[in-house]
Amino acid sequence: MPQSQRMGDSLFTSESVSMGHPDKVADQISDALLDSLIEHDPRARAAIETLVTTGLVVVAGEVTVHNDAANRALANAEKTVRDTIRSIGYDDPATGFDYRSCAVMRTIHAQSPDISQGVTSGEGMHSDLGAGDQGMMFGFACNETKSLMPLPIHLAHRLVERLAEVRIAGLLDWLRPDSKSQVTVCYENGVPSGLQTIVVSTQHTERVVDPKTGDMTHAARAEIREHVVRPVIEEQCPEFWSDEITFHVNPTGRFVIGGPHGDCGLTGRKIIVDTYGGRGRHGGGAFSGKDPTKVDRSACYMARHVAKSIVAAELADECEVQLAYAIGVADPVSVRVDTFGTSEICPIQLQRIVREVFPLKAGEIVDYLDLRRPIYFETARHGHFGRDGDGFPWEKTQRAPLLKEAAAKASQAV
């Protein structure tokens, strides 16, 4: 096998944010609105942006729908916004942001016909559907975890997911929705060898504030370690649990004021959290609020699907796929596969195999991944990738055997 270009002896850090983080609140509102439209009109077009701050939600962007039911859903946007905020956990006016009392401002208009014409002209022929925008999109996979995600971002997601579980279950009833996690993993010869540092910062009530210091109590910090951090590590990578790990729980001391009251939130501002935690490249496009004709979203999902399938087929230990599109053009203008020296198949040959095995036209991606369904709200919390059990079709690897077969034939032909 060629010399690997994977990370050698090093540290790598990734972060995640909870469903109650202001930017994620905005993402979930945008995707909840998108789902409410697609449920009634699978061909709805949307590019919905949301801003949240103290006592205010502003929803803006472009929406085009094609029937009365979808129009009614659009008219009920305020209810969708409030229901979303309640489901996240902002139901107490004391937090400065509450689903009952916040103002909801809506400024939505139809999509520009000049922009949409490249997509609209191909609506009757799915495979000829033009890309909704230009740009480059990346997908990534590696064999560090069962989900074929990098270990740092995988653990960071599971930590904020666990925080939400114990909060909702009332196990730690002093938790509030806003939180962050950060995980630093040690690598030796490109393989995870241990955990160096874990950071958890979580919003809490005054009940766990020490009246003498004004900071979160040591007992509350210990509860986070025992009820959140330890269960996650022992479930995901028990061999790495160690007293030598450095733990920081609310390192600033306290975190009472948080959520949209503590920081303005915007759709699309957590694109690295949404993807691979900094491993692999990012094309710059956000996901939430965009319908599947927007290749910023759909082609990133497809690139992940291709990269994960290559690793699942054991054709590489690590893989990054780049797709690029021109607005209104169905076919990708480029396809690139990089295995960082972990594959015996040359990149040019692998790129040719990918084009043969996977449908990569903009419209084909929408159909192949069955993206005209209201599945997007769940993507807007705890990452868009690495969650096999959530019914995300881009996480399936059903064509891995075809990849393996095509690679074997290519090797025999050489």
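Are arginine 279 and glutamate 318 buried or exposed? Both residues are buried, where buried means under 20% relative accessible area, exposed means over 50%, and partly exposed lies in between (1.4 Å probe, protein chains only). The structure discussed here is a predicted model, in which local features need pLDDT of at least 70 and side-chain atom pairs count only at pLDDT 80 or more, while totals for chains, interfaces and linings use all residues. Residues are numbered from 1 along each chain as its sequence is written, and side-chain values use heavy atoms, with hydrogens and water left out.

A view of the whole chain comes first. The protein chain has 12 helices and 11 strands; these are DSSP runs numbered from the N terminus, with helices (H or I) of at least four residues and strands (E) of at least two. The radius of gyration is 22 Å, close to the 22 Å that the globule rule gives for 414 residues, so the chain is as compact as a globular protein of that length. The radius is taken over C-alpha atoms, and the globule rule is 2.2 Å times the number of residues to the power 0.38. Along the principal axes, the C-alpha atoms fill a box of roughly 75 × 55 × 25 Å.

Of the 414 residues, 57% count as buried. The chain exposes about 16800 Å², and carbon and sulfur atoms supply 50% of this area; accessible areas come from the Shrake-Rupley method with a 1.4 Å probe, and for residues only the protein chains shown count as cover. Among the contacts with a separation of 6 or more, 73% are between residues 24 or more positions apart, a contact being heavy atoms within 4.5 Å.

Charged residues come next. The chain carries 43 positive and 56 negative charges, and their mean positions are 2 Å apart. In this count Lys and Arg are positive and Asp and Glu negative, while His and the chain ends are not counted; the place of a charge is taken as NZ of Lys, CZ of Arg, CG of Asp or CD of Glu. Side chains of opposite charge can pair when their charged atoms come close. The structure holds 28 salt bridges, each being a side-chain nitrogen of Lys or Arg within 4 Å of a carboxyl oxygen of Asp or Glu.

One of these salt bridges joins aspartate 23 and lysine 270, with the closest N and O atoms 2.7 Å apart. This pair links distant parts of the chain, 247 residues apart: aspartate 23 sits in helix H1 (residues 22-38), and lysine 270 in the loop between strand S9 (265-266) and helix H8 (271-274). Both aspartate 23 and lysine 270 are buried. Together with Arg269, Asp23 and Lys270 are linked in a network of salt bridges.

The pair from the opening question also forms a salt bridge, arginine 279 with glutamate 318, and here the closest N and O atoms are 3.4 Å apart. Arginine 279 lies in the loop between H8 and helix H9 (295-312) and glutamate 318 in strand S10 (residues 318-325), so the pair ties together parts that are 39 residues apart in sequence. A further salt bridge, between lysine 290 and aspartate 296, has its closest N and O atoms 2.9 Å apart. Lysine 290 is buried at 14% relative accessible area, and aspartate 296 is buried at 15%.

Most residues other than glycine have a negative phi. Leucine 148, however, has a positive phi of about 60 degrees although it is not a glycine. Leucine 148 is found in the loop between strand S5 (135-142) and helix H5 (151-169) and is buried, with a relative accessible area of 12%. Asparagine 189 also has a positive phi, near 55 degrees. This asparagine lies in the loop between strand S6 (175-188) and strand S7 (191-204) and is exposed, at 69% relative accessible area.

Two further residues show what surrounds individual positions. Alanine 77 lies in helix H3 (residues 77-88) and is buried, at 4% relative accessibility. Not counting residues up to four places away in sequence, alanine 77 touches Leu33 and Arg106. Serine 201 lies in strand S7; leaving aside neighbours within four places in sequence, serine 201 is in contact with Asp178, Ser179, Lys180, Asn250, Pro251 and Phe255.
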